[in-house]
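Hi,

Here is the structure I promised to pass on. Have a look at it first, then read on for what turned up.

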Amino acid sequence: MSSLPYGPTLPYTCNLAKLPPELRECFLELSADDATYDFLRNHDGSHLGTWASIKAKTLSPFLSHYDVTGITGTSKMFLLSHEHWKKLLLPPPQPEGSPESDSPSLGKLLDVGAGDGGVTAHLAGLFRAVEATETSRVLAWALARKGYRVWDSDIAEKGVPPSKPFDVISVLNVLDRCSRPLDIIRAVGAGLARPHGRAIFAVVLPFCP
């Protein structure tokens, strides 16, 4: 495993004693992998350069901070690597010699509030079809250019897109940044395929919606 010169502390452990038994049994401990350290090396603040800073300052009077950072790449987000998602979502690898395929084995993904698509990209390779929602029209356009089917709507108001149901719906670092988190959770539940659909929620702690 690679490491950084300044040795950041990246804890992935959990005090299982504080979890109820049903959650304790489901907990899967991950660890920082090469992709995690690569992101930290490449996005430590020194990668932006003069050109990106100029673009950000030029666009700021006309666009929201959220749109500007998405366009210029000045505020990248990393949650889990592709390998992390594989461990969480795919069944354990089959014994050597068993018929396996490298093609995606999951169905359809909806990533809610996908932003610039940086986090979506680590998930996308596991699915046969990927859709995203994004209320920022600027970032929705950027997502569409990356090949995703994009819906520029707020699922708290309109529910999940009409292309439902989805096998997996991800809501990653969104609930703490919206005004109606409970409505989003309800919409996700209504948009999942039955009975195998799965919802993924990630929030920044401490949770302050």
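A quick definition before anything else: helices (H or I, at least four residues) and strands (E, at least two) are DSSP runs, and they are numbered from the N terminus.

Two notes on where the values come from. This is a predicted model, in which local features need pLDDT of at least 70 and side-chain atom pairs count only at pLDDT 80 or more, while totals for chains, interfaces and linings use all residues. Residues are numbered from 1 along each chain as its sequence is written, and side-chain values use heavy atoms, with hydrogens and water left out.

**The overall layout**

The protein has nine helices and five strands. Going along the sequence, they come in the pattern α-α-α-α-α-β-α-β-α-β-α-β-α-β. Of the 209 residues, 35% are buried; buried means under 20% relative accessible area, exposed means over 50%, and partly exposed is in between (1.4 Å probe, protein chains only). The accessible surface comes to about 12,800 Å², and 56% of that belongs to carbon and sulfur atoms. Those areas come from the Shrake-Rupley method with a 1.4 Å probe, and for residues only the protein chains shown count as cover. Among contacts (heavy atoms within 4.5 Å) with a separation of 6 or more, 61% are between residues 24 or more positions apart.

**The sheet**

In what order do the strands of the open sheet sit? The five strands are arranged β3-β2-β1-β4-β5, with parallel pairing; two strands pair if DSSP finds at least two bridges between them. β3 (149–151) and β5 are the edge strands, each pairing on one side only. On average, neighbouring strands are turned by 20° against each other, direction ignored. For angles like this, axes are lines fitted to C-alpha atoms (for helices, over the stretch in contact), and the angles run from 0 to 180 degrees between N-to-C directions.

Towards β1, it is joined by six bridges, and the two strands run parallel. Leu106 stands opposite Phe127 in β2, and Val112 has Thr133 as its bridge partner there.

Helix α9 lies across β4 and β5 and runs at about 165° to β4.

Most residues other than glycine have a negative phi, and most peptide bonds are trans. Which residue has a positive phi although it is not a glycine? That is Asn173, at about 55°. Asn173 is found in the loop between β4 (168–172) and α9. Because its relative accessible area is 12%, Asn173 counts as buried. Leaving aside residues up to four places away in sequence, Asn173 touches Met77, Leu79, Ala202, Val203 and Val204.

There are cis peptide bonds to look at too. One joins Lys164 and Pro165, with omega about 5°, and Pro165 lies in the loop between α8 (155–158) and β4. Another runs from Arg194 to Pro195, with omega near 0°.

**Out on the surface**

Leu182, Ile185 and Phe201 form a nonpolar surface patch, with about 270 Å² of accessible area together. Patches are made of residues with over 30% relative accessible area and no salt bridge; like charges are joined within 9 Å, and nonpolar side chains (Val, Leu, Ile, Met, Phe, Trp, Tyr) within 5 Å. A salt bridge is a side-chain nitrogen of Lys or Arg within 4 Å of a carboxyl oxygen of Asp or Glu. Ile185 is in helix α9 (residues 181–191), and its 36% relative accessibility is why it counts as partly exposed.

Pro91 sits in the loop between α5 and β1. Is Pro91 buried or exposed? Its relative accessibility is 59%, so Pro91 counts as exposed. Pro91 and Ser105 are 14 residues apart in sequence, and 9.6 Å apart in space, C-alpha to C-alpha.

Cheers!
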